[in-house]
Amino acid sequence: MVYYYLNIIMLKVWGEEVMVVKYKSTRGNNENITSAEAILKGLSKDKGLYVPQDFPVIDKNLEAIKDMNYKEVAFYILNKFLSDYTEEELKDAIEKAYDDKFENKKIAPLVKKSGMYFLELYHGKTLAFKDMALSILPHLLTKAAKKLGEQKKIVILAATSGDTGKAALEGFSDVNNTEVIVFYPAKGVSEIQKRQMITQEGKNTHVVDINGNFDHAQRGVKEIFNDDAFGEEMAANNHVFSSANSINIGRLIPQVVYYVYSYVQLLKQGEIALDEKINFVVPTGNFGNILAGYYAKKMGLPINKLICASNENNVLTDFLKTGIYDIQRDFLITNSPSMDILISSNLERLLYELSDHDEDLIRSMMHDLERKKKYTITPSMKKNLEDFYGGFSTEDETLQAIKKVYNDANYVMDTHTAVAYHVYEQYKKETKDASKTVIVSTASPYKFTKSVIEGLKEGNTENDEFELVKNLSTLTGLNIPQSIKDLDKKEILHDLKCEKDGMKEIVKKILNI
Ligand SMILES: *Cc1c(COP(=O)(O)O)cnc(C)c1O
């Protein structure tokens, strides 16, 4: 039995109703495509981002989810959003993604310290939360290509502020019929992040140091996507572009999983009652991670506030307070470099929801951002921002937070997680809200060793970063993750560089076009 209901197609499968979720652009390109098509394309032709037309809901009692392991929760959520994939395709992708690449069997362990909960999303190979989605995206993408009969070679482009790049390289390394090209700002990443990328193995991996910052790299990648002539030239040479950045909806949906998973872990451990609302604090850059939290809330997960934590590049803090997004300010390089971003791409997806899918309005605001470097949302959109709270942490406050939590709870946070911790302390002081709170921990302290030791010891450290890895282990007793143990001895395999306006040229050179 099949019946049509608004945009939602309900299929009756084995007695269970399955909602077929279709995707469209935030800027109203009149598309109505499947998740596989959206994942393969990455970005819409009208420059908008793909969004689900309707949100599936959590239709099981949360009590019934609490005994599921990470992979089972992943299947439950992905099967709802990616309803055009078969169960077998999803299960295969999930099995291949969340295996022993993760050093912790739970995949996303939840650790209670100092009265709050740290959701550790950094036990994958690259030591940052990007692994949560980028270990599955290559499987979703290659399955999408197969389903849709795409024969051309898929060229994955990624701009990175440090972590996406490595996770994309690792995920796509030697995946058949793909090339992966990563643009990173060498001056804006940690030594460990840089070394992880330039030692990457895999015949199809390419790493380019762009003379600029993350925003330049991201803009350049979007420009390549939107250049029709370039796309045609690629197609004539049997290549097609896709994206590994969180502009790709295939990056976002797998991130919804750990919000649900951590909630039911709290339930299982008796830390919260059924349907008790909790907060999540999310160290934010491109607004992808926190948006996945918002999607979880829209699915019905009992979330009170989503607390958006920024560093001194605090455009989002200002936006959440005033409703004005204004990028006319200096781009700062901070000790939480993965959040050094002024243009948070995924905010466009939030605006789409806040405006009740007003595509014309989104288009005009994005136009304002390009031309006037700012836009203002409407009062009714501002009202819909109540789900969020925004705050920021200075570099100093970040280091102090690392020291405080270490002294109080013998727990080592990386700088990004420390930003979240600081903003949460601010939030508690300001609001007196006593809801249980999860701090989304996005990177291992070993990825930002220099700053972490500066925080622990109060003061500059002159040693090279690889010495510091050993020092951090001696100091704290924390095991050194396998994947960086011999990083300093690995051969450097990539040395390409380009200027801000030279990205297309270098792509052609890499692909021999
Ligand atoms: C990417 C990243 C962030 C920011 O996440 P967004 O989804 O871009 O907001 C925060 N912390 C770390 C360690 C990251 O790698």
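This is a predicted model: local features need pLDDT of at least 70, side-chain atom pairs count only at pLDDT 80 or more; totals for chains, interfaces and linings use all residues.
Author: Residues are numbered from 1 along each chain as its sequence is written, and side-chain values use heavy atoms, with hydrogens and water left out.

Reader: Why is F388 called buried?

Author: Buried means under 20% relative accessible area, exposed over 50%, and partly exposed in between, with a 1.4 Å probe and protein chains only. F388 has 7% relative accessibility, and therefore counts as buried. F388 belongs to strand β16, where helices (H or I, at least four residues) and strands (E, at least two) are DSSP runs numbered from the N terminus.

Reader: Which residues is F388 in contact with, leaving aside neighbours within four places in sequence?

Author: Contact means heavy atoms within 4.5 Å, and on that basis F388 is in contact with F287, I290, Y294, K305, L306, L320 and L350.

Reader: What makes strand β10 largely enclosed by the rest of the structure?

Author: Six of the seven residues of β10 (residues 205-211) are buried, so the strand is largely enclosed.

Reader: How do you know that β9 and β10 pair, and in which sense?

Author: Two strands pair if DSSP finds at least two bridges between them; β9 (residues 178-184) and β10 have five bridges, in the parallel sense, with F183 opposite V208. Strand β18 (residues 496-499) is also parallel to β10, joined to it by four bridges, and here V208 stands opposite L496.

Reader: Why does E465 have no salt bridge?

Author: A salt bridge is a side-chain nitrogen of Lys or Arg within 4 Å of a carboxyl oxygen of Asp or Glu, with Lys and Arg counted as positive, Asp and Glu as negative, and His and the chain ends not counted. For E465, which is buried, the nearest side chain of opposite charge, K450, is 6.8 Å away. E465 lies in helix α20 (residues 465-476).

Reader: What makes β6 and β16 edge strands?

Author: The open sheet has six strands in the order β6-β7-β17-β12-β13-β16, with mixed pairing. Strands β6 (110-113) and β16 (388-392) each have a single partner strand, so one side of each is left without a neighbour in the sheet. Within this sheet, four bridges join β7 (residues 116-120) to β17 (residues 437-441), which run parallel, and E120 stands opposite S441.
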